Amino acid sequence: MSNELLISAEMSEADRLTIAAGPADGIGLMRRAGEAVAAEILKRYPAATHVHVLCGPGNNGGDGYVVARILAGSGVGTTIWSSGAPRPESDAALAAAECPIKPLPLSGFDAEAGSIVVDALYGAGLSKPLSGDAAKAVDTVTALRLPVVAVDLPSGVSGTSGDILGRAFRAEVTVTFARKKPGHLLLPGRGQCGEIVLADIGIGDGIIAQLAVSTFENVPDLWLREFPVPAVDAHKYKRGHVGVFSGGPSATGAARLSAMAAARSGAGAVTVLSPPNAMQVNATHLTSIMLREGGSLEEVQEFLTARHPEALVFGPGLGPEPKVGDFALQLIKALADGARDEATASHASAIVLDADAITSLAHQPQALFEAARQPNAPVLAITPHEGEFGRLFPDIAGDKTLSKLAKARAAAVRANAVIVYKGADTVIAAPDGKAAINSNGAAWLATAGSGDVLSGIIAGLLAQGMPLFEGTCAAVWLHAEAGSRFGPGLIAEDLPLALLPVLRELFDARTAAE
(Lines give C-alpha, C1' and ligand atoms only; values in the text may rest on other atoms or scores of the structure.)
Protein backbone atom coordinates (compact mmCIF):
# COMPACT_ATOMS: atom_id res chain seq x y z
CA MET A 1 0.00 0.00 0.00
CA SER A 2 1.06 3.59 -0.52
CA ASN A 3 -1.93 5.37 1.01
CA GLU A 4 -0.09 6.67 4.08
CA LEU A 5 0.34 10.45 4.29
CA LEU A 6 3.51 11.70 5.99
CA ILE A 7 4.04 14.97 7.81
CA SER A 8 7.50 16.52 7.57
CA ALA A 9 8.78 14.91 10.77
CA GLU A 10 7.65 11.46 9.62
CA MET A 11 9.32 11.91 6.24
CA SER A 12 12.56 12.91 7.96
CA GLU A 13 12.34 9.81 10.14
CA ALA A 14 11.74 7.66 7.05
CA ASP A 15 14.92 9.11 5.54
CA ARG A 16 16.84 8.41 8.75
CA LEU A 17 15.61 4.82 9.04
CA THR A 18 16.39 4.13 5.39
CA ILE A 19 19.92 5.47 5.74
CA ALA A 20 20.47 3.53 8.99
CA ALA A 21 19.31 0.31 7.31
CA GLY A 22 21.73 0.83 4.40
CA PRO A 23 23.08 0.61 1.81
CA ALA A 24 21.62 3.98 0.80
CA ASP A 25 23.04 7.13 2.35
CA GLY A 26 21.65 10.67 2.45
CA ILE A 27 23.31 11.86 -0.73
CA GLY A 28 22.19 8.65 -2.43
CA LEU A 29 18.54 9.38 -1.60
CA MET A 30 19.02 12.97 -2.75
CA ARG A 31 20.46 11.84 -6.08
CA ARG A 32 17.50 9.51 -6.63
CA ALA A 33 15.06 12.29 -5.82
CA GLY A 34 16.73 14.69 -8.23
CA GLU A 35 16.88 12.01 -10.92
CA ALA A 36 13.14 11.42 -10.58
CA VAL A 37 12.37 15.12 -10.98
CA ALA A 38 14.72 15.51 -13.92
CA ALA A 39 13.20 12.50 -15.65
CA GLU A 40 9.71 14.03 -15.37
CA ILE A 41 10.93 17.32 -16.83
CA LEU A 42 12.67 15.65 -19.77
CA LYS A 43 9.59 13.50 -20.42
CA ARG A 44 7.00 16.28 -20.14
CA TYR A 45 8.93 19.18 -21.66
CA PRO A 46 11.13 17.68 -24.40
CA ALA A 47 11.21 20.97 -26.30
CA ALA A 48 12.33 23.03 -23.30
CA THR A 49 15.26 25.26 -24.18
CA HIS A 50 15.90 26.71 -20.73
CA VAL A 51 15.12 25.68 -17.17
CA HIS A 52 15.53 27.90 -14.11
CA VAL A 53 16.17 25.90 -10.94
CA LEU A 54 15.43 27.75 -7.70
CA CYS A 55 17.40 26.17 -4.84
CA GLY A 56 16.98 26.69 -1.12
CA PRO A 57 19.69 25.98 1.46
CA GLY A 58 18.24 22.67 2.71
CA ASN A 59 17.57 19.21 1.35
CA ASN A 60 14.92 20.51 -1.07
CA GLY A 61 17.60 22.73 -2.58
CA GLY A 62 19.98 19.77 -2.67
CA ASP A 63 17.44 17.91 -4.82
CA GLY A 64 17.42 20.97 -7.07
CA TYR A 65 21.20 20.88 -7.58
CA VAL A 66 20.90 17.26 -8.71
CA VAL A 67 18.10 18.23 -11.12
CA ALA A 68 20.20 21.06 -12.57
CA ARG A 69 23.24 18.80 -13.05
CA ILE A 70 21.22 16.18 -14.91
CA LEU A 71 19.38 18.68 -17.10
CA ALA A 72 22.60 20.44 -18.07
CA GLY A 73 24.19 17.08 -18.86
CA SER A 74 21.23 16.35 -21.14
CA GLY A 75 21.84 19.50 -23.16
CA VAL A 76 19.16 21.68 -21.58
CA GLY A 77 20.11 25.29 -20.84
CA THR A 78 20.03 25.52 -17.05
CA THR A 79 20.41 28.36 -14.55
CA ILE A 80 20.50 27.94 -10.79
CA TRP A 81 19.19 30.67 -8.51
CA SER A 82 20.10 30.16 -4.84
CA SER A 83 18.44 31.63 -1.75
CA GLY A 84 21.40 30.62 0.42
CA ALA A 85 24.37 28.29 0.51
CA PRO A 86 23.81 24.78 1.92
CA ARG A 87 25.22 24.00 5.35
CA PRO A 88 28.86 22.84 4.99
CA GLU A 89 29.30 19.05 4.75
CA SER A 90 25.53 18.49 4.44
CA ASP A 91 24.05 16.29 1.74
CA ALA A 92 22.83 19.45 0.00
CA ALA A 93 26.40 20.81 0.04
CA LEU A 94 27.64 17.57 -1.55
CA ALA A 95 24.95 17.84 -4.25
CA ALA A 96 25.93 21.46 -4.93
CA ALA A 97 29.59 20.50 -5.19
CA GLU A 98 28.73 17.82 -7.76
CA CYS A 99 26.87 20.36 -9.91
CA PRO A 100 29.08 22.24 -12.41
CA ILE A 101 26.72 25.23 -12.63
CA LYS A 102 27.60 28.22 -10.50
CA PRO A 103 24.46 29.47 -8.72
CA LEU A 104 23.27 33.06 -8.98
CA PRO A 105 21.62 34.88 -6.06
CA LEU A 106 17.84 34.49 -5.95
CA SER A 107 17.57 38.24 -5.37
CA GLY A 108 18.42 38.75 -9.06
CA PHE A 109 16.01 36.12 -10.37
CA ASP A 110 14.62 36.81 -13.80
CA ALA A 111 13.29 34.50 -16.48
CA GLU A 112 12.29 34.64 -20.09
CA ALA A 113 8.90 33.72 -21.51
CA GLY A 114 8.81 30.11 -22.61
CA SER A 115 11.23 28.84 -19.96
CA ILE A 116 10.46 26.36 -17.19
CA VAL A 117 10.94 26.82 -13.45
CA VAL A 118 11.91 24.12 -10.98
CA ASP A 119 10.83 25.06 -7.46
CA ALA A 120 13.37 23.45 -5.12
CA LEU A 121 13.31 26.18 -2.48
CA TYR A 122 11.61 24.79 0.61
CA GLY A 123 9.08 22.04 -0.18
CA ALA A 124 7.08 20.47 2.63
CA GLY A 125 9.38 21.61 5.41
CA LEU A 126 8.34 25.28 5.33
CA SER A 127 6.68 26.42 8.57
CA LYS A 128 6.60 30.21 8.17
CA PRO A 129 5.27 32.53 5.45
CA LEU A 130 7.26 32.74 2.25
CA SER A 131 8.88 36.17 2.14
CA GLY A 132 11.70 38.25 0.68
CA ASP A 133 13.38 37.03 -2.48
CA ALA A 134 11.37 33.80 -2.50
CA ALA A 135 8.07 35.70 -2.46
CA LYS A 136 9.32 37.97 -5.24
CA ALA A 137 10.24 34.89 -7.27
CA VAL A 138 6.66 33.62 -6.93
CA ASP A 139 5.37 36.95 -8.21
CA THR A 140 7.77 36.92 -11.16
CA VAL A 141 6.87 33.36 -12.15
CA THR A 142 3.16 34.09 -11.78
CA ALA A 143 3.35 37.24 -13.86
CA LEU A 144 5.17 35.42 -16.67
CA ARG A 145 2.82 32.40 -16.41
CA LEU A 146 5.77 30.02 -16.50
CA PRO A 147 5.27 26.27 -16.03
CA VAL A 148 6.49 25.18 -12.60
CA VAL A 149 7.71 21.75 -11.56
CA ALA A 150 7.72 21.58 -7.75
CA VAL A 151 10.06 19.35 -5.78
CA ASP A 152 8.12 17.59 -3.01
CA LEU A 153 5.55 20.39 -2.54
CA PRO A 154 5.18 23.89 -3.99
CA SER A 155 7.12 26.26 -1.76
CA GLY A 156 4.70 28.31 0.31
CA VAL A 157 2.29 25.42 0.89
CA SER A 158 2.29 23.83 4.34
CA GLY A 159 2.89 20.11 4.07
CA THR A 160 0.92 19.56 7.28
CA SER A 161 -2.15 21.76 6.80
CA GLY A 162 -2.31 22.63 3.10
CA ASP A 163 -2.42 26.31 4.07
CA ILE A 164 -0.71 28.84 1.84
CA LEU A 165 1.96 30.56 3.88
CA GLY A 166 2.02 34.06 2.46
CA ARG A 167 2.53 33.23 -1.21
CA ALA A 168 3.03 29.91 -2.99
CA PHE A 169 4.04 28.65 -6.40
CA ARG A 170 1.31 27.10 -8.53
CA ALA A 171 2.85 24.01 -10.09
CA GLU A 172 1.87 22.12 -13.21
CA VAL A 173 3.55 19.04 -11.76
CA THR A 174 4.66 18.20 -8.23
CA VAL A 175 7.08 15.32 -7.74
CA THR A 176 7.07 13.95 -4.21
CA PHE A 177 8.88 11.01 -2.68
CA ALA A 178 7.94 7.77 -0.89
CA ARG A 179 4.49 9.01 0.18
CA LYS A 180 2.26 12.03 -0.32
CA LYS A 181 1.90 14.66 2.40
CA PRO A 182 -1.38 16.01 3.85
CA GLY A 183 -0.69 19.34 2.11
CA HIS A 184 -0.97 17.60 -1.25
CA LEU A 185 -4.65 16.81 -0.54
CA LEU A 186 -5.92 19.54 1.78
CA LEU A 187 -7.22 22.79 0.32
CA PRO A 188 -6.08 25.33 -0.66
CA GLY A 189 -2.67 23.67 -1.07
CA ARG A 190 -4.06 20.92 -3.28
CA GLY A 191 -4.92 23.55 -5.87
CA GLN A 192 -1.26 24.62 -6.05
CA CYS A 193 0.15 21.16 -6.75
CA GLY A 194 -1.05 20.38 -10.26
CA GLU A 195 -0.52 16.73 -11.15
CA ILE A 196 1.16 14.85 -8.31
CA VAL A 197 3.81 12.27 -9.21
CA LEU A 198 4.87 9.86 -6.46
CA ALA A 199 8.46 8.77 -7.04
CA ASP A 200 10.13 5.72 -5.51
CA ILE A 201 13.58 6.68 -4.20
CA GLY A 202 14.22 3.51 -2.21
CA ILE A 203 12.23 4.13 1.00
CA GLY A 204 10.49 0.77 1.32
CA ASP A 205 7.10 -0.18 2.75
CA GLY A 206 8.85 -1.78 5.71
CA ILE A 207 10.36 1.57 6.64
CA ILE A 208 6.99 3.31 6.42
CA ALA A 209 5.43 0.58 8.57
CA GLN A 210 7.86 1.47 11.38
CA LEU A 211 6.46 4.99 11.56
CA ALA A 212 3.00 3.95 12.83
CA VAL A 213 1.37 6.46 10.49
CA SER A 214 -2.21 7.45 11.37
CA THR A 215 -3.12 9.65 8.39
CA PHE A 216 -4.09 8.18 5.03
CA GLU A 217 -5.33 9.09 1.60
CA ASN A 218 -8.85 7.73 1.26
CA VAL A 219 -8.42 5.19 -1.54
CA PRO A 220 -9.81 1.64 -1.85
CA ASP A 221 -6.58 0.03 -0.59
CA LEU A 222 -7.39 1.52 2.81
CA TRP A 223 -10.64 -0.40 3.27
CA LEU A 224 -11.16 -2.83 0.37
CA ARG A 225 -10.43 -5.93 2.48
CA GLU A 226 -13.45 -4.98 4.65
CA PHE A 227 -15.77 -4.25 1.73
CA PRO A 228 -18.87 -6.50 1.92
CA VAL A 229 -19.48 -9.23 -0.61
CA PRO A 230 -22.72 -11.21 -0.03
CA ALA A 231 -22.34 -14.86 0.87
CA VAL A 232 -23.91 -17.46 -1.44
CA ASP A 233 -26.60 -18.23 1.14
CA ALA A 234 -27.33 -14.61 2.05
CA HIS A 235 -30.90 -13.43 2.52
CA LYS A 236 -32.04 -9.84 2.83
CA TYR A 237 -31.69 -9.57 6.58
CA LYS A 238 -28.25 -11.17 6.54
CA ARG A 239 -27.22 -8.32 4.24
CA GLY A 240 -28.19 -5.76 6.87
CA HIS A 241 -31.22 -3.64 7.65
CA VAL A 242 -31.18 0.19 7.69
CA GLY A 243 -33.79 2.45 9.23
CA VAL A 244 -34.07 6.02 7.93
CA PHE A 245 -36.08 8.68 9.75
CA SER A 246 -38.32 10.86 7.59
CA GLY A 247 -39.41 14.44 8.04
CA GLY A 248 -42.97 15.72 7.80
CA PRO A 249 -45.17 15.73 4.67
CA SER A 250 -43.29 18.60 3.01
CA ALA A 251 -39.82 17.27 3.88
CA THR A 252 -39.77 13.58 2.97
CA GLY A 253 -37.41 13.62 -0.01
CA ALA A 254 -34.19 13.69 2.00
CA ALA A 255 -35.07 10.46 3.81
CA ARG A 256 -35.98 8.73 0.56
CA LEU A 257 -32.63 9.74 -0.96
CA SER A 258 -30.84 8.26 2.05
CA ALA A 259 -32.95 5.13 1.93
CA MET A 260 -32.35 4.47 -1.76
CA ALA A 261 -28.62 5.06 -1.28
CA ALA A 262 -28.54 2.56 1.59
CA ALA A 263 -30.28 -0.01 -0.60
CA ARG A 264 -28.01 0.62 -3.61
CA SER A 265 -24.92 0.29 -1.43
CA GLY A 266 -25.95 -3.26 -0.55
CA ALA A 267 -28.22 -3.22 2.50
CA GLY A 268 -30.68 -6.08 2.12
CA ALA A 269 -33.59 -4.23 3.70
CA VAL A 270 -34.33 -0.54 4.23
CA THR A 271 -37.23 0.94 6.15
CA VAL A 272 -38.32 4.56 6.19
CA LEU A 273 -39.63 5.55 9.62
CA SER A 274 -42.25 8.19 8.96
CA PRO A 275 -44.38 10.46 11.12
CA PRO A 276 -48.06 9.56 10.69
CA ASN A 277 -48.90 12.68 8.69
CA ALA A 278 -46.24 11.85 6.07
CA MET A 279 -47.11 8.17 5.59
CA GLN A 280 -49.21 8.79 2.49
CA VAL A 281 -46.59 11.00 0.85
CA ASN A 282 -43.85 8.44 1.46
CA ALA A 283 -46.02 5.52 0.38
CA THR A 284 -46.66 7.23 -2.95
CA HIS A 285 -42.94 7.30 -3.74
CA LEU A 286 -41.60 4.06 -2.23
CA THR A 287 -41.53 0.64 -3.85
CA SER A 288 -38.67 -1.60 -2.70
CA ILE A 289 -38.14 0.52 0.41
CA MET A 290 -40.35 -0.49 3.33
CA LEU A 291 -42.41 2.04 5.30
CA ARG A 292 -43.38 2.14 8.93
CA GLU A 293 -44.76 4.71 11.35
CA GLY A 294 -42.03 6.11 13.56
CA GLY A 295 -43.29 9.39 14.89
CA SER A 296 -42.77 8.52 18.56
CA LEU A 297 -40.00 6.83 20.51
CA GLU A 298 -42.41 4.04 21.43
CA GLU A 299 -43.12 3.29 17.75
CA VAL A 300 -39.41 3.36 17.00
CA GLN A 301 -38.67 0.97 19.86
CA GLU A 302 -41.31 -1.41 18.53
CA PHE A 303 -39.57 -1.31 15.14
CA LEU A 304 -36.17 -1.91 16.71
CA THR A 305 -37.45 -4.89 18.67
CA ALA A 306 -39.31 -6.40 15.73
CA ARG A 307 -36.81 -5.81 12.92
CA HIS A 308 -33.42 -5.40 14.59
CA PRO A 309 -31.89 -2.94 12.10
CA GLU A 310 -28.11 -2.70 12.20
CA ALA A 311 -27.87 1.02 11.32
CA LEU A 312 -30.02 4.14 11.40
CA VAL A 313 -29.92 7.47 9.57
CA PHE A 314 -31.20 10.38 11.64
CA GLY A 315 -31.35 14.00 10.51
CA PRO A 316 -32.14 14.57 6.83
CA GLY A 317 -35.33 16.57 6.47
CA LEU A 318 -36.25 16.48 10.16
CA GLY A 319 -35.98 20.24 10.75
CA PRO A 320 -33.35 22.17 12.74
CA GLU A 321 -35.43 22.28 15.90
CA PRO A 322 -34.40 21.51 19.50
CA LYS A 323 -37.01 18.74 19.74
CA VAL A 324 -35.17 16.88 16.98
CA GLY A 325 -32.02 16.97 19.09
CA ASP A 326 -34.01 15.76 22.10
CA PHE A 327 -35.32 12.82 20.08
CA ALA A 328 -31.79 11.96 18.93
CA LEU A 329 -30.56 11.81 22.53
CA GLN A 330 -33.53 9.65 23.54
CA LEU A 331 -32.81 7.36 20.61
CA ILE A 332 -29.16 6.93 21.58
CA LYS A 333 -30.19 6.16 25.17
CA ALA A 334 -32.83 3.68 24.01
CA LEU A 335 -30.28 1.85 21.88
CA ALA A 336 -27.79 1.74 24.75
CA ASP A 337 -30.46 0.41 27.10
CA GLY A 338 -31.57 -2.11 24.49
CA ALA A 339 -28.03 -3.37 24.03
CA ARG A 340 -27.95 -4.26 27.75
CA ASP A 341 -31.16 -6.26 27.43
CA GLU A 342 -30.54 -9.75 26.05
CA ALA A 343 -33.98 -9.79 24.44
CA THR A 344 -33.15 -6.74 22.33
CA ALA A 345 -29.40 -7.10 22.05
CA SER A 346 -29.50 -6.90 18.28
CA HIS A 347 -30.79 -3.34 18.31
CA ALA A 348 -29.09 -0.97 15.88
CA SER A 349 -25.42 -0.58 16.70
CA ALA A 350 -24.71 2.45 14.48
CA ILE A 351 -26.35 5.82 13.90
CA VAL A 352 -25.46 8.28 11.17
CA LEU A 353 -26.23 11.82 12.36
CA ASP A 354 -26.52 14.30 9.52
CA ALA A 355 -28.09 17.59 8.48
CA ASP A 356 -30.80 18.83 10.86
CA ALA A 357 -29.73 16.41 13.58
CA ILE A 358 -26.37 18.20 13.79
CA THR A 359 -27.89 21.67 13.90
CA SER A 360 -30.51 20.68 16.47
CA LEU A 361 -27.93 18.98 18.68
CA ALA A 362 -25.76 22.10 18.57
CA HIS A 363 -28.14 23.53 21.20
CA GLN A 364 -26.96 20.86 23.65
CA PRO A 365 -23.66 19.50 22.37
CA GLN A 366 -22.41 18.32 25.74
CA ALA A 367 -25.47 16.09 26.14
CA LEU A 368 -24.61 14.46 22.81
CA PHE A 369 -20.97 13.93 23.76
CA GLU A 370 -21.97 12.38 27.10
CA ALA A 371 -24.58 10.16 25.44
CA ALA A 372 -21.96 8.86 23.01
CA ARG A 373 -19.82 7.72 25.95
CA GLN A 374 -22.45 5.87 27.93
CA PRO A 375 -21.99 2.10 28.22
CA ASN A 376 -23.25 0.16 25.18
CA ALA A 377 -24.00 3.35 23.23
CA PRO A 378 -24.26 2.84 19.47
CA VAL A 379 -21.30 3.95 17.41
CA LEU A 380 -21.83 7.31 15.75
CA ALA A 381 -20.87 8.77 12.39
CA ILE A 382 -21.45 12.53 12.30
CA THR A 383 -21.30 14.18 8.88
CA PRO A 384 -21.11 17.99 9.10
CA HIS A 385 -20.31 20.41 6.33
CA GLU A 386 -18.34 23.50 7.36
CA GLY A 387 -21.32 25.44 8.70
CA GLU A 388 -22.67 22.51 10.70
CA PHE A 389 -19.20 21.75 12.04
CA GLY A 390 -18.96 25.34 13.29
CA ARG A 391 -22.31 25.05 15.05
CA LEU A 392 -21.52 21.77 16.83
CA PHE A 393 -17.84 22.49 17.56
CA PRO A 394 -17.58 26.30 17.61
CA ASP A 395 -14.33 26.53 19.57
CA ILE A 396 -12.55 23.93 17.43
CA ALA A 397 -13.85 25.51 14.22
CA GLY A 398 -12.66 28.95 15.33
CA ASP A 399 -9.13 27.87 16.24
CA LYS A 400 -7.05 29.30 13.38
CA THR A 401 -3.98 27.37 14.51
CA LEU A 402 -5.62 24.06 13.56
CA SER A 403 -5.78 22.55 10.09
CA LYS A 404 -8.97 20.94 8.82
CA LEU A 405 -7.34 17.59 9.59
CA ALA A 406 -6.55 18.60 13.16
CA LYS A 407 -10.04 20.03 13.66
CA ALA A 408 -11.69 16.80 12.51
CA ARG A 409 -9.47 14.78 14.83
CA ALA A 410 -10.24 17.01 17.81
CA ALA A 411 -13.97 16.79 17.10
CA ALA A 412 -13.82 12.99 16.80
CA VAL A 413 -12.21 12.70 20.23
CA ARG A 414 -14.69 15.07 21.82
CA ALA A 415 -17.76 13.42 20.28
CA ASN A 416 -16.45 9.85 20.56
CA ALA A 417 -17.59 9.48 16.95
CA VAL A 418 -16.25 9.22 13.46
CA ILE A 419 -16.43 12.73 12.01
CA VAL A 420 -16.91 13.28 8.30
CA TYR A 421 -15.86 16.92 7.87
CA LYS A 422 -17.29 17.42 4.41
CA GLY A 423 -16.02 19.55 1.55
CA ALA A 424 -13.92 19.22 -1.58
CA ASP A 425 -11.22 17.85 0.72
CA THR A 426 -13.44 15.80 3.05
CA VAL A 427 -11.63 14.54 6.16
CA ILE A 428 -12.77 11.39 7.96
CA ALA A 429 -11.44 11.15 11.53
CA ALA A 430 -11.89 8.53 14.26
CA PRO A 431 -11.57 8.93 18.04
CA ASP A 432 -8.43 6.75 18.09
CA GLY A 433 -6.57 9.29 15.95
CA LYS A 434 -6.86 7.59 12.57
CA ALA A 435 -7.81 9.96 9.78
CA ALA A 436 -8.19 9.91 6.02
CA ILE A 437 -8.34 12.72 3.47
CA ASN A 438 -10.52 12.24 0.43
CA SER A 439 -9.06 13.22 -2.93
CA ASN A 440 -11.59 12.19 -5.59
CA GLY A 441 -14.39 14.67 -4.95
CA ALA A 442 -15.79 16.99 -7.59
CA ALA A 443 -17.78 20.21 -7.73
CA TRP A 444 -20.72 18.28 -9.22
CA LEU A 445 -21.46 16.95 -5.72
CA ALA A 446 -22.30 20.45 -4.50
CA THR A 447 -26.01 19.95 -5.07
CA ALA A 448 -29.02 19.71 -2.75
CA GLY A 449 -29.53 16.21 -1.36
CA SER A 450 -26.01 14.98 -2.07
CA GLY A 451 -25.22 14.76 1.64
CA ASP A 452 -28.41 12.78 2.29
CA VAL A 453 -27.20 10.21 -0.22
CA LEU A 454 -23.84 10.01 1.54
CA SER A 455 -25.54 9.31 4.87
CA GLY A 456 -27.46 6.45 3.30
CA ILE A 457 -24.32 4.91 1.80
CA ILE A 458 -22.56 5.07 5.16
CA ALA A 459 -25.48 3.37 6.90
CA GLY A 460 -25.77 0.76 4.15
CA LEU A 461 -22.13 -0.26 4.48
CA LEU A 462 -22.20 -0.25 8.29
CA ALA A 463 -25.33 -2.40 8.25
CA GLN A 464 -23.41 -4.97 6.20
CA GLY A 465 -20.76 -5.23 8.89
CA MET A 466 -18.02 -2.85 7.79
CA PRO A 467 -16.11 -1.35 10.75
CA LEU A 468 -17.09 2.23 11.51
CA PHE A 469 -13.96 4.02 10.23
CA GLU A 470 -13.43 1.83 7.19
CA GLY A 471 -17.12 1.81 6.28
CA THR A 472 -17.36 5.57 6.53
CA CYS A 473 -14.22 6.04 4.44
CA ALA A 474 -15.55 3.64 1.80
CA ALA A 475 -18.86 5.51 1.64
CA VAL A 476 -17.16 8.89 1.20
CA TRP A 477 -14.99 7.50 -1.62
CA LEU A 478 -17.93 5.77 -3.33
CA HIS A 479 -20.09 8.89 -3.15
CA ALA A 480 -17.33 11.08 -4.58
CA GLU A 481 -16.37 8.60 -7.28
CA ALA A 482 -19.95 8.21 -8.48
CA GLY A 483 -20.38 11.98 -8.63
CA SER A 484 -17.07 12.54 -10.40
CA ARG A 485 -17.82 9.96 -13.05
CA PHE A 486 -21.33 11.23 -13.66
CA GLY A 487 -20.10 14.80 -14.14
CA PRO A 488 -22.07 17.81 -15.37
CA GLY A 489 -25.80 17.79 -14.82
CA LEU A 490 -25.64 15.66 -11.67
CA ILE A 491 -28.48 15.96 -9.17
CA ALA A 492 -28.83 13.96 -5.99
CA GLU A 493 -31.41 11.60 -7.48
CA ASP A 494 -28.77 10.46 -9.99
CA LEU A 495 -26.29 9.32 -7.36
CA PRO A 496 -27.79 5.99 -6.22
CA LEU A 497 -27.82 4.67 -9.81
CA ALA A 498 -24.42 6.23 -10.49
CA LEU A 499 -23.04 3.97 -7.75
CA LEU A 500 -23.62 0.83 -9.79
CA PRO A 501 -20.50 0.74 -12.02
CA VAL A 502 -18.31 1.79 -9.11
CA LEU A 503 -19.74 -0.94 -6.89
CA ARG A 504 -19.18 -3.51 -9.64
CA GLU A 505 -15.51 -2.58 -9.87
CA LEU A 506 -15.11 -2.78 -6.09
CA PHE A 507 -16.84 -6.17 -5.92
CA ASP A 508 -14.56 -7.47 -8.67
CA ALA A 509 -11.46 -6.11 -6.95
CA ARG A 510 -12.56 -7.49 -3.57
CA THR A 511 -13.24 -10.99 -4.88
CA ALA A 512 -10.05 -11.02 -6.94
CA ALA A 513 -8.06 -10.22 -3.81
CA GLU A 514 -9.37 -13.27 -1.94
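Which side chain makes a polar contact with the side chain of N218? That partner is N438, at 2.8 Å. This is a predicted model, where local features need pLDDT of at least 70, side-chain atom pairs count only at pLDDT 80 or more, and totals for chains, interfaces and linings use all residues. Residues are numbered from 1 along each chain as its sequence is written, and side-chain values use heavy atoms, with hydrogens and water left out.

**View 1. N218 and its surroundings.** N218 sits in the loop between β8 (215-217) and β9 (241-245); strands here are DSSP runs of E, at least two residues, and helices are runs of H or I, at least four, numbered from the N terminus. Because its relative accessibility is 0%, N218 counts as buried (under 20% relative accessible area, with exposed over 50% and partly exposed in between, using a 1.4 Å probe and protein chains only).

**View 2. The rings around F389.** Have a look at F389 and F393, a tilted aromatic pair with 5.0 Å centre to centre and 40° between the planes. F389 also pairs with Y421, this time stacked, at 4.1 Å and 0°. Rings of Phe, Tyr and Trp (its six-membered ring) pair if their centres lie within 6.5 Å; planes under 30 degrees apart are stacked, over 60 edge-to-face, and the rest tilted. F389 belongs to helix α15 (residues 386-392) and Y421 to strand β15 (residues 418-421), so their pair ties together parts 32 residues apart in sequence.

Notes
A polar contact is a pair of N or O atoms within 3.5 Å; within protein, one must be able to donate a hydrogen and the other to accept it, and residues adjacent in sequence count only if both atoms are side-chain atoms. Contact means heavy atoms within 4.5 Å. Lists of a residue's contacts leave out its neighbours within four places in sequence.
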